[in-house]
Amino acid sequence: FAFVEVVPRGNRNFEDNTIDVTYLVDEGARIFIEDIRILGNDRTRDYVIRREFDISEGDAYNQVLVQRTRNRIQGLGFFQSVNISTRPGSSPDRVILFVTVIEQSTGDISLAGGFSSNGGASASVSLTERNFLGRGQFLRVAVNTSDDEEGYTFNFTEPYFLGYRVSAGLSFQATQSDDTSDRQYIIDSNNVTVSFGIPIVENLNSSVFYTYRNSDASANSVLLDDMVNTGGNNNGTQGDADAELSAALVQGLGDFTASGFGYSLVYNTLDSQQSPREGVRASISQTFFGAGGDAEYFSTQGSLVGYHTLSEEEDLILFGRVRGGHIEVFGSDNGTIGGGFRTIDNFQARQNTVRGFDAFGFGPRDPITNDPLGGRTFWNATAEVQFPLPFVPRTLGLRGAFFADAGQLTNVGDSAITAINTASVTGVAGAPLTAAQRDQIDDDAIRASVGGSLLWSSPFGPLRVDYAVPIAEEDFDDIEEFNFGVSTAF
């Protein structure tokens, strides 16, 4: 109610030292909304703002719904500030709402680069527009390139599909990966996903999606030992020599399609999507592959991210993150194209999974060929404290951070173990895997690292440099020296 009046009255009880409080509530006159006027949206179209209202002209004025609408408009990320004020209408029971916004940049051109001791240099360029043509639509186009991989990404989302508070999205991703010293196979893949987002309650959103992926894996003939090519030791046993591709990976070479349905849930209370200081973001996604195609498995992934300001005065921010995933195969688990899952599709250690380790740098590994095999189960965690650099003016935008990372990649799958053990028995060695070799192929050791970061809000955009030192590693791991990235907005 616009003019509610609440008067508290206290009655002291001196015997038991208490006070009874009575609240007298006068609801006041009922006020109705005569008109809603929007000011300051030079670029954003009116309907993008109006559709965030839970009330409209003619409805009774409700301060709670007005405040909720202001928060929802602010949460779009299109405006620096949003203010909703009232002015008298044409009669005493009428009020006019004025929505005044100040627009801000909603587009980003991001440039990122990195260097590792094994992967060499990498770079990526992306263009993101969160308010495409002022319609509130999301558009992102990205190109990633490195010494061994090229990727192209296109994402488009309509937040109000057919006028309903349901988003519709289309994404396409194409990746062309060359073989490297760590990944001795070539894989070209194309992925298309159609999704629909459905809000459940405030801060909790869900989506359902269909995804289709086609991937073609191949290897250089010099890595194949089929007594036809000249690769390996050419004795007819694949994967029994260091110069050959692992027998577990060769099973998955060829064309493989995955078709499936899934869902995701996201709970988000972050106070800012660009520079959060408080709040959490939790997500879980599950995909059922088996709606046609070759794949027959169930994939689950989730993450939890949190920010907390330790000290406003010292500007100390605590950041924490936990991620994990698991793959459960329900089809044929023989690791071949005809089966429901390939070892090639295992989770892999990526850059920044645990800082201090290179991509494909840890986890199960073929002890004969030294190929990384990945795993069907992974988790990693990060704890980080961000702080302003001492003796440096805060106006320069320089900040530092100390972090600790930990993670695990395990559960390579029985089909991979069987293939490698068979290669060992029938190949040159002519003996089963040793205990140490079995531990390497079914590696479940936890990796950890500590390090520091430099963060700079430069004129070109946010710049970050990380340097990490592993404190828990295995002899066969690959170490990453450092990485950096920079982005800018337009």
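This report describes the overall make-up of a predicted model and then several of its local features.

## Overall make-up

The protein contains 5 helices and 21 strands. Its C-alpha trace spans about 95 × 55 × 50 Å along the principal axes. Of its 490 residues, 41% count as buried. Among contacts with a separation of 6 or more, 58% are made by residues 24 or more positions apart.

## Helix α2

Helix α2 takes in residues 63–74. With 12 residues at 1.5 Å a residue, α2 should span 16 Å, and the distance of 16 Å between its end C-alpha atoms agrees with this. Four residues of α2 are named as buried: Val66, Thr69, Arg72 and Ile73. These residues lie on the same side of α2, because the arc they cover around the axis is only 120 degrees. An α-helix has 3.6 residues a turn, so residues three or four places apart point the same way. The elements against which the buried residues of α2 pack are α1 (46–50), β4 (79–88) and β5 (94–103).

The start of α2 also has a contact between side chain and backbone. There, a side-chain oxygen of Asn62 comes to within 2.9 Å of the backbone nitrogen of Val64.

Strand β16 (residues 316–329) is joined to strand β15 (residues 297–311) by 14 bridges, and the two run antiparallel. Together β15 and β16 form a hairpin with 4 residues between them. In the turn, Asp315 has a positive phi of about 60 degrees. Strand β16 also pairs with strand β17 (residues 377–388), again antiparallel, through 10 bridges.

His308 stands opposite Leu318 in β16, while Phe319 stands opposite Glu384 in β17.

Leu318, in strand β16, is partly exposed, with a relative accessible area of 33%. Beyond its neighbours within four places in sequence, Leu318 is in contact with Gly306, Tyr307, His308, Leu310, Glu384 and Val385. Its C-alpha atom is separated by 6.5 Å from that of Gln386, although Leu318 and Gln386 are 68 residues apart along the chain.

## Aromatic pairs

The whole structure holds 10 aromatic pairs. Tyr307 belongs to strand β15 and Phe319 to strand β16, so the pair links parts of the chain 12 residues apart. Tyr307 counts as buried at 18% relative accessibility, because the cut-off is under 20%. Phe319 is buried as well, with a relative accessibility of 8%. Elsewhere, one aromatic cluster is formed by Phe289, Tyr297 and Phe341.

## Gln286 in strand β14

Gln286 is placed in strand β14 (residues 279–293). Its relative accessible area is 17%, so Gln286 is buried. The side chain of Gln286 has a polar contact of 2.4 Å with the side chain of Tyr263. A polar contact of 3.0 Å joins the side chain of Gln286 to that of Thr300. Not counting residues up to four places away in sequence, Gln286 touches Phe209, Phe261, Gly262, Tyr263, Phe298, Ser299 and Thr300.

## Tyr23 in strand β2

Tyr23 lies in strand β2 (residues 18–26). At 57% relative accessibility, Tyr23 counts as exposed, because the cut-off for that class is over 50%. Apart from neighbours within four places in sequence, the contacts of Tyr23 are Val6, Val7 and Pro8. Tyr23 and Val7 are 16 residues apart in sequence, with 5.7 Å between their C-alpha atoms.

## Accessibility of the residues discussed

The table collects the relative accessibility given above for individual residues.

| Residue | Relative accessibility | Class |
|---|---|---|
| Phe319 | 8% | buried |
| Gln286 | 17% | buried |
| Tyr307 | 18% | buried |
| Leu318 | 33% | partly exposed |
| Tyr23 | 57% | exposed |

Note on methods. Residues numbered from 1 in each chain as written. Predicted model: local features only at pLDDT ≥ 70, side-chain atom pairs only at ≥ 80, totals over all residues. Heavy atoms only, no water. Expected span 1.5 Å × (residues − 1). Buried < 20%, exposed > 50% of the residue type's maximum accessible area, 1.4 Å probe, protein only. Arc of directions from axis to C-beta. Contact = heavy atoms within 4.5 Å. Polar contact = N/O pair within 3.5 Å; in protein donor to acceptor, adjacent residues only side chain to side chain. Pairing = 2+ DSSP bridges. Phe/Tyr/Trp six-rings, centres within 6.5 Å; stacked < 30°, edge-to-face > 60°.
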